[in-house]
Amino acid sequence: MRYSRYLIPTMKEDPSDAVVSSHRLMMRAGLVRKESAGMYVYLPLGHKALRKIINIVREEMDNSGALEFLMPELTNADLWKESGRWNTMGPEMFRIKDRNNLEYALGPTHEEAFTNAVRSTVTSYKELPINAYQINTKFRDEIRPRFGVIRSKEFIMKDAYSFDVDEEGLDKSYQTMRSVYRKIFDRCGLATIPVQADTGNMGGSASEEFMVASEVGEETLLICESCSYRANQEKAVFKREEKSGSITGELEKVHTPDVKTIDDLVKHFSAESSKFLKSILYTADGETVMAVVTGDREINEIKLKNHLGCVELELASDDKIFEATKSPVGFAGPVGIKNIRIVFDLSVKNTFDAITGANEKDYHYKGVNPGRDFEIKEEADLVTAVEGDACPECGKKLSATKGIEVGHIFKLGYKYTKAMNFTFLDKNGRPANPIMGCYGVGVTRTLAAVIEQNHDEKGLMWPKEIAPFDVHIVGICKTEEDEKKIAEIYEEIKKAGFDALYDDRKNSPGIKFADADLIGLPLRITVGKSFFDTGDIEALDRKTKEIKRLQRKELVPYLKEFFGR
RNA sequence: CGGGGUGUGGCGCAGUCCGGUAGCGCAUCUGCCUUGGGAGCAGAGGGCCGGAGGUUCAAAUCCUCUCGCCCCGACCA
């Protein structure tokens, strides 16, 4: 492709609204343009790179035996009502009505649609397993789109759904996808960290996310330095310290005016924060619930939500708190509370002589002991693991890293096939529900993550497999005649099967080099002064900055070697 | 949705406090010149200053309302 005939609107300066490197560089290198918040136009160069990623995903999926579908983006509300998610998906699902007032959702995910499609076509165990996928646009009304295409309202995702006859089959499908995902990200030139994850509102059991370590990542990962434990902070568990102690004091009510937060309490009682029991009231699907954790810990609302099995979980209003504890906010505690459900974190039972709210304005109890002063009827892991906690598997310290989630695989189980009554006839001629798995790759986000991981101060550094072009030819010459000679080399490279971007513009060399650095194709071929003097063509490896001087006949063999083709 | 910021040619910004003919750099177009790291000279085009209303002889500037966008927090590939 001749540069002069292509469209690459590079920018010399950073756009003012881009804060992360990938977003900045995608704008500057002319890959995308912002249309509006969370919506991006892919310009030819960006689209070409995106297509390469899509092709890799498609190839690997097809190789694994998965079947490609193309689903409607407008999904009928009835489908969502059937699974029960019309009410649970929440405001991030775009809902629209047609002229007849029929309701639809703009597909944010396609479990229902695929379950429906497969149920209407599969009737026998002989047709299973099936892994159905598509590469298509997803719509999500994000609370806050940001970081360019990393979090946008509209994005391209590869989503796959496996249907197996039994758990063993699902396990196989899941493991296959696991290795397919590794291959996909490998080929994209991305180093990913697989971590254990929460399943969110998709439902299901085992779940793994593929993370790209990055400063701008929105996820926090906890990684064990000595064993292989890696988990999303949402999900991470940790080994509890064995605490021993004994009950020394009697339960005593203490006057504590205006002492409400854990910080206040630490000062007031001059005791460590772990001595306190933090009691937080929530409204879970309308029911008031108290969660009790030690004062040194943060409640993990995802864990709490999963434990309670509720759909909506929010902090209880002041009214609800007063109703349950007969005191204003800040003085809640488990002692003497009978009317509501109380869930205790696993560490609570190991506290001795703790301090808690007395369910009375301006009063706390000290010398509170579980078992004696309140009963632990229900306990669960309710707190967020943090850096420095003990690994649940080997006991060594966990460290924290930020990451971008580019892929997510999980075992869904029977949630959708049961809710939507999808049955097949098994070997014995009996109806049974298939068991599902679900596997997503954020395709557009992968592009951003690749850039996040492969750039320098001058611009992009494309991994070979997904670079929009293989080589960038910079031609520098004065006469028409010389231009023809450069064009010959361009033709030769094309004929040899390499996709070249030939900068034939009549600009100064400085501009061409700067644009070549910014666009960042893997190899830059300069044909200029040295070529006309001595026949030397210069090949620069964008990543290593290594320069090779080649005679014309050496050029194509070098390209073959460089690209391994 | 809460908190903070910002809207002025394609891009980056100044001008707003203190009202008085809309500016700078880059980019674009024409001509000359130049060609190994964002050249030079001469000329040209392009903006109802986010929108609506108000105050005023006069509004980018002051007032009211509104919309967009960005950042920090609660959702997710």
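**View 1. Elements that line RNA strand B.** Six elements each supply at least two residues of the surface near RNA strand B: strand S1 (32–36), strand S8 (154–164), strand S21 (398–413), helix H12 (509–519), strand S29 (523–527) and helix H13 (529–534). The model is predicted. H12 gives the largest share of this surface, with 7 residues. Sorted by class, the surface near RNA strand B holds 21 charged, 15 nonpolar and 13 polar residues.

**View 2. The nearest residues.** Around RNA strand B there are 49 residues. Arg 140, Ile 143, Glu 219, Asp 517 and Glu 538 come nearest.

**View 3. Polar contacts to RNA strand B.** In the side chain of Arg 140, an N or O atom is 2.4 Å from a sugar or linking oxygen of RNA strand B. Glu 405 uses its backbone: an N or O atom there lies 2.9 Å from a sugar or linking oxygen of the RNA strand. Ser 530 reaches a base instead, with a polar side-chain atom 2.9 Å from a base oxygen of RNA strand B.

**View 4. A three-stranded open sheet.** The strand order is S4-S6-S5, and the pairing is antiparallel. Strand S4 (74–76) and strand S5 (94–97) stand at the edges. Each has a single partner strand, so one side of each is left without a neighbour in the sheet. From one strand to the next, the twist averages 40°.

**View 5. The S5 and S6 pairing.** S5 pairs with strand S6 (residues 103–106) in the antiparallel sense, over 4 bridges. Ile 96 stands opposite Tyr 104 in S6. Strands of a sheet pair through backbone hydrogen bonds, either parallel or antiparallel.

**View 6. Domains of chain A.** Chain A is divided into three parts: domain 1 (3–236 + 400–452), domain 2 (252–380) and domain 3 (469–563). Between the C-alpha centres of domain 2 and domain 3 the distance is 69 Å. Along the principal axes, the C-alpha atoms of chain A fill a box of roughly 100 × 65 × 50 Å. The secondary structure of the chain comes to 14 helices and 31 strands. Of its 565 residues, 53% count as buried.

How values were computed: Residues numbered from 1 in each chain as written. Chains lettered and ligands numbered in written order. Predicted model: local features only at pLDDT ≥ 70, side-chain atom pairs only at ≥ 80, totals over all residues. Heavy atoms only, no water. Near = heavy atom within 4 Å. Polar contact = N/O pair within 3.5 Å; in protein donor to acceptor, adjacent residues only side chain to side chain. Nonpolar A, V, L, I, M, F, W, Y, C, P; charged D, E, K, R; others polar. Pairing = 2+ DSSP bridges. Axes fitted to C-alpha atoms, helices over the stretch in contact; angles between N-to-C directions. Domains from an automatic or database assignment. Buried < 20%, exposed > 50% of the residue type's maximum accessible area, 1.4 Å probe, protein only.
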